[in-house]
Amino acid sequence: PHFFETLRTPLVAGRDFGPQDHERAPRVAIVSEALVRHYFPDGNPLGRHIQIDSSPADEIVGVVRNAKYETLRETPHFVVYQPYLQNLSEASSVNLEVRGAGSLAPAMRRQVRAILIAVLASTFGLLALTLASVGLYGVAAYAVNQRTGEIGIRMALGAQARTVLWLALREGLLLVVVGIAVGIPIAAGARMISSMLFGLATNDPLTLATAIAVLIAVATVAIWIPARRASRIDPMLALRHE
């Protein structure tokens, strides 16, 4: 948005890109004066269509002054500008152009640094969640294996599979609930964590609720797998194992 305004490239005909030029809208383009002089001798490209290689054709909706992108001595290029949202699949990188009063460099560096730290924190958070899930699975599997004989006796005495399943789930989730209860006050009061967050607060209710829901869901799956296997144990095999 406001690309030509930011670079102070005058619009000489037609219109600028706008919110209406999204990915589901008809494809549009803005071209440079050099391109118009070369391909449209009559000087009126508005409403016509232009196609680059095998890409879909774009309707020309505006013309802008020529701009120099490499050196002051270069010959004006034939340039076709396209809305970013209509070319997401072709965009391999993004350059941000910023204009404002005074020096914006320190503020921009702080914002970029905050975003990078947030990305790194999210990556390590995902890694920690994965390791915690593997650990929960290992602990639950070990606990079930240690109680194989007890489970066999319970099932031999008439315990249903769902009862055994709930028994294993209950004990595993109890540890998760205790961990969450201990972790919430620590996370909400940790000032060091706030420096790693971008656009969030450590005590944001929605963020905490989402994190708790994700932890419980992951823990439930990690515990459910060995618990389900325990509920299918043959009582006779379990008693012989005992």
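Which loop does T9 lie in?

## Ground rules

This is a predicted model, where local features need pLDDT of at least 70, side-chain atom pairs count only at pLDDT 80 or more, and totals for chains, interfaces and linings use all residues. Residues are numbered from 1 along each chain as its sequence is written, and side-chain values use heavy atoms, with hydrogens and water left out.

## Starting with T9

T9 is in the loop between α1 (3–7) and β1 (11–14). Helices here are DSSP runs of H or I with at least four residues, strands are runs of E with at least two, and both are numbered from the N terminus.

T9 has 11% relative accessibility, so it counts as buried (under 20% relative accessible area; exposed is over 50%, partly exposed in between, with a 1.4 Å probe and protein chains only). Not counting residues up to four places away in sequence, T9 touches F4, V64 and R65 (contact means heavy atoms within 4.5 Å).

Now for β2 (residues 28–32): five of its five residues are buried, so the strand is largely enclosed by the rest of the structure. V28, I30 and S32 point one way, while A29 and V31 point the other. In a regular strand, side chains alternate between the two faces of the sheet.

Strands pair if DSSP finds at least two bridges between them. β2 runs parallel to β4 (residues 58–64) over five bridges, with S32 bridging to V64. With β5 (residues 80–81), β2 pairs in the antiparallel sense over two bridges, and V31 has V80 as its bridge partner there.
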